[in-house]
Amino acid sequence: MRLALYEPDIPQNAGALLRLGACLGIAIDIIEPCGFILDDRRLKRAAMDYLGQADIRRHASWAAFLAVPRSGRLLLLSTKARLPYHRCVFARDDTLLLGRESAGVPPEVFDRVDERLLIPMRDGLRSLNVALAASLVLGEALRQTGLLPEAPP
């Protein structure tokens, strides 16, 4: 299982997601360009001392990301999706794709993914913070696939 960040533009969210990946043993793909420099102090502050333990792969573009062979599905979290994430049957080799905080993903990315997942919310509310959304869906995916790290005795 992996998380992929499509052109992230808020360093604090990217840092929180890198920390999440480090803590749960989930690799992170960063699809550039980013809206910040990857050594931004705000990213480092959010990731804290977990940054060195995160498994990070940088990709210069969407095309470069797609050029990397992968066996699993690409699942996009989107407010425009129809399938609620809790109705998805996750697989161990899935990659959860997160769009830009400010704009989501462009049509060519939206149309290229294998599935689009929605987080159901109350009427009139638009979306969750991208790091919170990833945490919610990743938790369910890890639970379903048995990939949650074991709690120490």
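Helices (H or I, at least four residues) and strands (E, at least two) are DSSP runs, numbered from the N terminus. The model shown is predicted: local features need pLDDT of at least 70, side-chain atom pairs count only at pLDDT 80 or more, and totals for chains, interfaces and linings use all residues. Residues are numbered from 1 along each chain as its sequence is written, and side-chain values use heavy atoms, with hydrogens and water left out.

**View 1. Glutamate 7 sits in the loop between β1 (2-6) and α1.** Look at its backbone. Phi of glutamate 7 is near 45 degrees. That is a positive value in a residue other than glycine.

**View 2. A cis peptide bond joins glutamate 32 to proline 33.** Its omega is near 10 degrees. Proline 33 lies in the loop between β2 (27-31) and α2 (41-47).

**View 3. Helix α1 passes α5 in a right-handed crossing.** Two packed helices are described by the angle between their axes and the distance between the axes. Axes are lines fitted to C-alpha atoms, for helices over the stretch in contact, and angles run from 0 to 180 degrees between N-to-C directions. Here the axes of α1 and α5 come within 9 Å and cross at roughly 20 degrees. That makes α1 roughly parallel to α5 (angles under 35 degrees count as roughly parallel). A crossing is right-handed if the near helix is turned clockwise from the far one by less than a right angle.

**View 4. Side chains of α1 and α5 meet in this contact (heavy atoms within 4.5 Å).** From α1 come Asn13, Ala16, Leu17, Leu20 and Leu24. From α5 come Val130, Ala131, Ala134, Ser135, Leu138 and Leu142. By class, the contact has nine nonpolar, two polar and no charged residues. Ala, Val, Leu, Ile, Met, Phe, Trp, Tyr, Cys and Pro count as nonpolar, Asp, Glu, Lys and Arg as charged, and the others, Gly among them, as polar.

**View 5. The largest cavity holds about 40 Å³ of space.** On a 1 Å grid over the protein atoms alone, a cavity is a set of points where a 1.4 Å probe fits but cannot get out. Grid points are joined across faces, edges and corners, and a volume is the space filled by probe spheres set on the points. One cavity of 30 Å³ or more is counted. Lining residues (an atom within 4 Å of a point) include Leu5, Pro8, Leu98 and Val130. Helix α1 (residues 11-24) gives the largest share, three residues.

**View 6. The largest pocket holds about 630 Å³ of space.** A pocket is an open set with protein on both sides within 12 Å along at least five of seven lines. Its lining has 28 residues; Leu77, Ser78, Thr79, Gly104 and Ser127 lie nearest its centre.

Note on methods. Angles under 35 degrees count as roughly parallel, over 145 as roughly antiparallel, 65 to 115 as roughly perpendicular and the rest as oblique.
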